[in-house]
Amino acid sequence: MWIRWNLGLGSLESRHGFRGIQLLNSMESTPEFFLSNLVKGLSWTYYKSTCPRVESIVRKHLKKVFKEDVGQAAGLLRLHFHDCFVLGCDASVLLDGSASGPSEKNAVPNLTLRAKAFEIINDLRELVHKECGRVVSCADLVALAARDSVFLTGGPDYEVPLGRRDSLTFATEEATLNNLIPGTANTTFILNRLAIKKLDATDAVALSGGHTIGLGHCSSFEERLYPTRDPTMDKTFAKDLKKVCPTEGYNNTTVLDIRSPNKFDNKYYVNLVNRQGLFTSDQDLYTDPRTKDIVESFAADESLFFEKFVHSMLKMGQLSVLTGKKGEIRANCSVRNSDNKLFTSVVEDEAEEAWSELK
């Protein structure tokens, strides 16, 4: 069932005045807007007959994974972002390289994706294909894993439209660099890049809320510490970060959200209001007047953030998807079926058996 939101308009108005109400009313409601605005080929009940238990299989497995290491939730959520923003939500980021060139996952922006996240998706693929056969795409598994990563760490639960198929190609490093947003980006850069994908300022702020869980590498924010402190960064926060990253070029990580690093909530925005955002791309959302009010609204109202986050995730999750007869359903998430020797040998054996039965 869909989640329903009680946003408390009166409380929002009292905190942020009329502009807060404008923010709330400027977007189509969730989920009604998407019930009639799905990309052709996607469906809310896509696997109802072919793999009815796919979502319960994914959630059950991820509960076990997160019980051992909750940090993997952030890795899976980030994997979905990096997949969708480049060629689209087509699992191209999962592919290994080939004779045609290095893989998308080996592009510089993707080198910090967690190796375990790729393993988890393939584990899910194996569990689901064992239950249902090769009918569920790796792209859909990435989308479901991202949703469950949000929910199982305290965030909203929501339906995900399914029916994506897996790509036959992966992006070049140039394409990857031209589509992902670095931590050093300012708000103008972010808004311009997202506008190309028909995502607006509210989407930009809501999707950035994914940084309420996870880790950041020193290399992604050291320019805010050295040679001098970024004046938009809280002094005590900067002092603490220098203990983690004592010099430029230091290879270490720290939490993205100092208040609740492993819980999906609105504390990321509270951090921004207190000048404790880790990346430039985070803190500048509060500095820039085009997005400041949205940050403040989300910091004050977690339910509002959750609603807008779901809305933006559903928009992002439909970027340039392959459906129908486009692409394929991979037998191994990291290898195209045509390059999968085990898969092709099985197909050949099955074809030979079928031919023998016809003789």
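Where is the place of Lys198? Select Lys198 to start the tour, and you will find it in the loop between α8 and α9, where helices (H or I, at least four residues) and strands (E, at least two) are DSSP runs numbered from the N terminus. This is a predicted model, in which local features need pLDDT of at least 70 and side-chain atom pairs count only at pLDDT 80 or more, while totals for chains, interfaces and linings use all residues. Residues are numbered from 1 along each chain as its sequence is written, and side-chain values use heavy atoms, with hydrogens and water left out.

**Two backbone features**

Most residues other than glycine have a negative phi, and most peptide bonds are trans. Lys198, however, has a phi near 60 degrees, a positive value in a residue other than glycine. Next select Tyr226 and Pro227, whose peptide bond is cis, with omega near 0 degrees; Pro227 sits in the loop between β1 and α10 (235-244).

Two packed helices are described by the angle between their axes and the distance between the axes. Axes here are lines fitted to C-alpha atoms, for helices over the stretch in contact, and angles run from 0 to 180 degrees between N-to-C directions.

Select α9 together with helix α13 (residues 289-300): their axes come within 10 Å and cross at roughly 45 degrees. That makes α9 oblique to α13, given that angles under 35 degrees count as roughly parallel, over 145 as roughly antiparallel, 65 to 115 as roughly perpendicular and the rest as oblique. The contact (heavy atoms within 4.5 Å) is made by Ala201, Thr202, Val205 and Ala206 of α9 and by Arg290, Thr291, Ile294, Val295 and Phe298 of α13. By class, this contact has six nonpolar, two polar and one charged residues, where Ala, Val, Leu, Ile, Met, Phe, Trp, Tyr, Cys and Pro count as nonpolar, Asp, Glu, Lys and Arg as charged, and the others, Gly among them, as polar.

On the α9 side the contact is made by Thr202, Asp203, Ala206 and Leu207, and the α14 residues include Phe305, Phe309 and Met313. Sorted by class, the contact of α9 with α14 has six nonpolar, three polar and three charged residues.

**Helices α5 and α6**

Now move to helix α5 (residues 115-132) and helix α6 (residues 138-151), whose axes come within 10 Å and cross at roughly 115 degrees. That makes α5 roughly perpendicular to α6. To display the contact, select Ile121, Leu124, Arg125 and Val128 of α5 with Cys138, Leu141, Val142 and Ala145 of α6; by class it has seven nonpolar, no polar and one charged residues.

**Pocket and cavity**

On a 1 Å grid over the protein atoms alone, a cavity is a set of points where a 1.4 Å probe fits but cannot get out, and a pocket is an open set with protein on both sides within 12 Å along at least five of seven lines; lining residues have an atom within 4 Å of a point. Grid points are joined across faces, edges and corners, and a volume is the space filled by probe spheres set on the points.

The largest pocket has a volume of about 1100 Å³. Select Arg78, His82, Ile181, His211 and Phe279, which lie nearest its centre among the 37 lining residues. Helix α4 gives the most to this lining, with six residues, and by class the lining has 19 nonpolar, 15 polar and three charged residues.

Finish at the largest cavity, with a volume of about 60 Å³, whose lining residues include His80, Tyr158, Arg164 and Met313.
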